[in-house]
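Please read it alongside the sequence and the model.

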Amino acid sequence: MLYTLLCYNKEDVVWSWSKEEDDAVMNRLNVVHEKLVKEGKLGPALRLLPTTAATTLRAPNMVIDGPFAETKEQLLGFYVIDVPDLEGALAVARELSAANPTSVYEIRPVALYVPEARPNAPKERVKSY
């Protein structure tokens, strides 16, 4: 089953890290990434730019510069993983949390939608849930 792990952290803290601090966290995360790739569990993983680079659409024609969330922690990135169940997703989230202990990981099941009518749609489905 596909799950997404949403990585939250205090953005001002993360973006204040020195290059060495950021590299250290990314190196620890890469150890987990490589393990998940070998196990065939890792799908797309993205690191988002700061919320100051965000644009928000509220209602059909209201576009707002900047972050939309009024929270203490911001969404900084996410992983899509393929594991059998919630326990498998929790195990991966625990590994990521150990590598990046200041982050919080929200776990959500994913419904995969692949509209086959798209002009560039794949000829075969890799997985269907």
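Why does Val 25 count as buried? Its relative accessibility is 7%, so Val 25 falls in the buried class. Buried means under 20% relative accessible area, exposed means over 50%, and partly exposed lies in between (1.4 Å probe, protein chains only).

## Basis of the model

The model is predicted; local features need pLDDT of at least 70, side-chain atom pairs count only at pLDDT 80 or more, and totals for chains, interfaces and linings use all residues. Residues are numbered from 1 along each chain as its sequence is written, and side-chain values use heavy atoms, with hydrogens and water left out.

## Overall fold

The protein chain has 3 helices and 6 strands. Helices (H or I, at least four residues) and strands (E, at least two) are DSSP runs, numbered from the N terminus. Along the sequence the order is β-α-α-β-β-β-β-α-β.

The protein chain has 129 residues, and 29% of them count as buried. Take its contacts with a separation of 6 or more: residues 24 or more positions apart account for 75% of these. Contact means heavy atoms within 4.5 Å.

## The α2–α3 pair

Helix α2 spans residues 19–38 and helix α3 spans residues 86–99. Their axes come within 8 Å and cross at roughly 155°. That makes α2 roughly antiparallel to α3. Angles under 35 degrees count as roughly parallel, over 145 as roughly antiparallel, 65 to 115 as roughly perpendicular and the rest as oblique. Axes are lines fitted to C-alpha atoms, for helices over the stretch in contact; angles run from 0 to 180 degrees between N-to-C directions. The crossing of α2 past α3 is right-handed, a term used when the near helix is turned clockwise from the far one by less than a right angle.

Which residues of α2 and α3 meet? From α2 come Val 25, Arg 28, Leu 29, Val 32, His 33, Lys 35 and Leu 36. They face Val 92, Glu 95, Leu 96 and Ala 99 in α3. By class, this contact has 7 nonpolar, 1 polar and 3 charged residues. Ala, Val, Leu, Ile, Met, Phe, Trp, Tyr, Cys and Pro count as nonpolar, Asp, Glu, Lys and Arg as charged, and the others, Gly among them, as polar.

Val 25 sits in helix α2. Beyond its neighbours within four places in sequence, Val 25 is in contact with Trp 17, Ala 99 and Asn 100. The C-alpha atoms of Val 25 and Asn 100 are 6.1 Å apart, across 75 residues of chain.

Val 92 sits in helix α3. With a relative accessible area of 1%, Val 92 is buried. Not counting residues up to four places away in sequence, Val 92 touches Leu 5, Leu 36, Ile 81 and Val 83. Leu 36 is 56 residues away along the chain, with a C-alpha separation of 8.3 Å from Val 92.

## The nonpolar core

A nonpolar core is a set of buried Ala, Val, Leu, Ile, Met, Phe, Trp, Tyr and Cys residues joined through side-chain atoms within 4.5 Å. The largest has 19 residues. Leu 5, Leu 29, Tyr 79, Ile 81, Val 92, Leu 96 and Tyr 105 touch the most other members. Two or more residues each come from β1 (2–9), α2, β5 (74–82) and α3. Helix α3 gives the most, with 5 residues.

Leaving aside neighbours within four places in sequence, Tyr 105 has contacts that include Leu 5, Leu 29, Tyr 79 and Leu 96.

## Arg 108 on β6

Arg 108 lies in strand β6 (residues 104–109). At 43% relative accessibility, Arg 108 is partly exposed. Arg 108 touches Tyr 3, Thr 4 and Leu 6, not counting residues up to four places away in sequence. The C-alpha atoms of Arg 108 and Tyr 3 are separated by 5.5 Å, though the two are 105 residues apart along the chain.
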